[in-house]
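This briefing concerns a helix and the sheet it accompanies. The points below are grouped by topic.

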Amino acid sequence: MIRPSNGRTRVPWIAQAAIVVALVCLAIANIAQRASWSEVEDGVLWRATSGDVVAQEIASGSAAAKAGVQPGDVLLAIDGRPVGAVEDVVASHHASREGQAVEYTLLRMKTREQLSLAVQPIPSSPRALYYMLALVGVFSLLVGASVRLRRPDHQATLHFFWLTVAFFGMLAFSFTGRLNPLDWTFYWGDLTAQLLLPPLFLHFALVFPDRPDAWVRSDAGRTLVPAMYLPALLFGGASVTAVVNGGQHGDVLTRVLSLLDRAQLVYLAISLVAGLAIMVRALRRVRSVTARRQLRWIVWGTALGSVPFVAGYALPWGLGLQPLRGFEFSALLLGLIPLAFASAIVRYRLMDVEVIIKRGLVYAAAFAAIAAIYAVLLNLAGAIFLKDADQRNPVIAMLATLVVVLLSRPVKNAIQTGLDRVYYRDRYDYRRALVGFARDLNSDLDLLRLSERLVHRVRETLVVDRMALMLAPVSMSPDDGDFVTIAHSGFTEQPPRLSRSSEVGTRLIAGHTLALDDNLALRRVDAREVDFWRDAGIHYFVPCVSKEGAIAVMALGRKASAEPLSSEDMALLSAVAAQAATALENGRLYRQLRTKADEVERMRQFSEDIVESLNDGLAVLDRNGRVVRWNRRLEDLYGVRHEDAVGQPLDDLFDAAVVRMIRSTSEGAPEGVAHYRVPLTTRHEPARRLLVNIAATPLRDAHGKIAGTIVIAEDISSRVQLEEQLQISEKMASIGLLAAGVAHEVNTPLTGISSFTQMLLEGAAEDDPKTKVLEKIERQTFRAAKIVNGLLNLARPAQVDRGPCDINAVINDVLSLLEHQFRTGRIQVRKEFASIAPRVQGIEYKLQQVFLNLLLNARDAMPKGGWLTIVTRMDADAAIVEVADTGSGIPTEQLSRIYDPFFTTKAIGKGTGLGLSITYGIVQEHGGTITCDSDVGQGTRFTLRLPLAVPAARAHQA
């Protein structure tokens, strides 16, 4: 557990970076000096006394002892060069090489003696060991800096950073004996790091992991913690005193420094063992199952890193014993401690030591393998290319280093893979397959199916007792809805919803993985929520985070063995969750797209139904005037099928006049235009003549720009006919009222005239000339009465008995009356009568009047002759008569007025305008209809429809 630090303990990252850079540069300088400097000595402790350089102590087995140098000898010269101070001896050694013979001139018992001795290198640890220790130290420093950089706001990372600095100093700094300022810097840096490492490690063991009841949290603990650093201060003070005063007492310096080195190493060993004991005690006292398991591995990791070094090298050498050969390399294992704890701090929050130890083993094995490869390459290259020459060639070393750098990652990955196979055994392939499976989820767009597959595969790979996948609402607003389970396995009932506003939901929305057995989670989440989810069997939450946020949450229980998930399991789940988030987002977007597509399809079908259900014809044109829509009503109205119309230019479908009307919308009337009573010739077989209202309006897109034209055609032919018939009926009614008034006024004098004439005829003789005059008056009176009765019939049809009338016979009678006129007028008559004469219920003389009027109009319309066609046929319950001529025709604008009384298109004196009015009235009186189609210059056709006296079926049977 890591607590945030306050501002007083926070070191600016720039200062930390400067410290790291300076320390790494010093380490590189130390390595370079150690590689290029070979210090030699004669084995004598020389001391300046009264201006002479006197041998104070001679090491056994040294070059001086072998040459016969004795304590008390005064060194006068080396190779003939006078010696006046100890520095002259050191300078001479620096100028010599290993095994070089030098001539000492000594004064012994006031006698000069010449001795030859071969200088030997100063005893020190093997260079290969130092290089490996230096690399481990540099790596530890970089790890500590990385941890601090990634989590700069936590006190534990600062403590850990200084702990890695101490590891670095102890492993990377080494005194070479050159005695220059840089060499003294290495000496004091090594001494400081070695003194601070024990209390820093002991302090870290007390505060890690964070324990509420830890002794260090008590008042006594806070008071006594600084006392842990007191031995380091004492050892440091003693070392400084010994070095400062060693110039006058060289023998004392040698013994004191040797004792201090041994004591410091024992101090380090005791601190490592004490820190291990503290963590063992914490392991016994911790209550959490997860914390116990993790601390157990922490203890094992610390033991692997410290026990071999303490037992095999530190304690034996510190107690004056000779360590077993090769145990000096156990110092390398100390690098496992900062390495493993660094990985835990950054990736596993100081808890998962199972992974720490495994990673530590991987890095240790990889480092050993790389070091072995380097040594083999260096020796092999030296043996092949340099042979007996000096094999310390910088070019060979650089090439070997380059090869090692290139091989480092493959070697580390190979070791990692092998260790994973050993650790996970048969589950290794499952774990690798899970990552591949998560990547392949993107190919499945069925949200429900991919959720079930994900739950099944994760549960099978990690062997957890239960798992649920909870999906966020579409809007993913913190206040909008809960995470709802979309797929689950292992639960006896539906898992509960996860509220987005709860503390658990808030953490997950922020992208944090949550382990309910983690003490850190217990601090950041309400205990009641933790207990609620534990009771539901859920102990881990892993958010699936996409660009839009936490799109889903994987909720998992424990493993089947009741063990908690390791951090590698959690890392694997996080990797799977990242892939699953993309797949789930794609699946949800696909579902939304399908929903939108279905909605659009429903709206399209709804719009289609509306368009097809219109009683008016509708066509939609694009910008180029081509048809893109053509509804069913327009098909029926115009006689062109939808398939034939779509894609065709407007000019190919309609007459030029109609096209001009429609195009005027975009050219002169951007808001739309309407045209009324437009004559339209259809494409039916045969063609039909219609009157339509055409409305055209621009079709605008979402930006308000014109994207086409909407054309609506309303068939008003029947309505116009009804309106005209209504107008004619109203006019006829008015005329009838007028005629009734006139007839009433005229009948009175006519009655008097008729009466008086008859009275005069009764008393008149037959041979009286006046008798003929009276008879003429009587006939004219009767004729006038008949005319008056005709006016009355116009207003009020006479109640004459009706009967069946043969239409063919009626027409023939009328034709016989006009035969002479047609012949003189060069009019040819074509009769197409029905084989079975239609019989209508009517008044014969009135029907003769109808056809007489129509035929006379046809004659007048063909002054130069022409064809008169008369067609009769029977429909189901009506007789149909067509009278067509090839005359001059009637203008369209006059068609609506031809049935008006006194309206005529003939010249003055040629017609009264009552013929068609009377005809219309008679047809109406017989319950029939009359229509007129006319083209100027082509002719006119009148179509009469009269009810049959006997239905057509019965007529055929008869």
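In this predicted model, helix H25 has 18 residues, which at 1.5 Å a residue should span 26 Å. H25 covers residues 807-824 and lies across strands E21, E23, E24 and E26.

**Helix H25**
- A bend of about 55 degrees occurs in H25 at Leu-818.
- Leu-818 is also one of the buried residues of the helix, which include Ile-807, Asn-808, Val-810, Ile-811, Val-814, Leu-815 and Phe-822 as well.
- At the start of H25, the backbone nitrogen of Asn-808 has a side-chain oxygen of Asp-806 within 3.0 Å.
- Just after the helix, Arg-826 adopts a positive phi of about 55 degrees.

**The sheet**
- The open sheet consists of five strands in the order E21-E23-E24-E26-E25, with mixed pairing.
- Strands E21 (827-832) and E25 (929-935) each have a single partner strand and stand at the edges, so one side of each lacks a neighbour in the sheet.
- On average, neighbouring strands of this sheet are turned by 10 degrees against each other, direction ignored.

**Pairing of E21 and E23**
- Strands of a sheet pair through backbone hydrogen bonds, in either a parallel or an antiparallel manner.
- E21 and E23 (residues 866-874) run parallel and are joined by six bridges.
- Val-829 has Leu-868 of E23 as its bridge partner.

**Helix against sheet**
- H25 runs at about 170 degrees to E23.
- The other strands that H25 lies across include E24 (878-885) and E26 (939-947).

Note on methods: Residues numbered from 1 in each chain as written. Predicted model: local features only at pLDDT ≥ 70, side-chain atom pairs only at ≥ 80, totals over all residues. Heavy atoms only, no water. Pairing = 2+ DSSP bridges. Helix = DSSP H or I, 4+ residues; strand = E, 2+ residues; numbered from the N terminus. Axes fitted to C-alpha atoms, helices over the stretch in contact; angles between N-to-C directions. Contact = heavy atoms within 4.5 Å. Expected span 1.5 Å × (residues − 1). Bend = angle between axes of the 7 residues up to and from the residue. Buried < 20%, exposed > 50% of the residue type's maximum accessible area, 1.4 Å probe, protein only. Polar contact = N/O pair within 3.5 Å; in protein donor to acceptor, adjacent residues only side chain to side chain.
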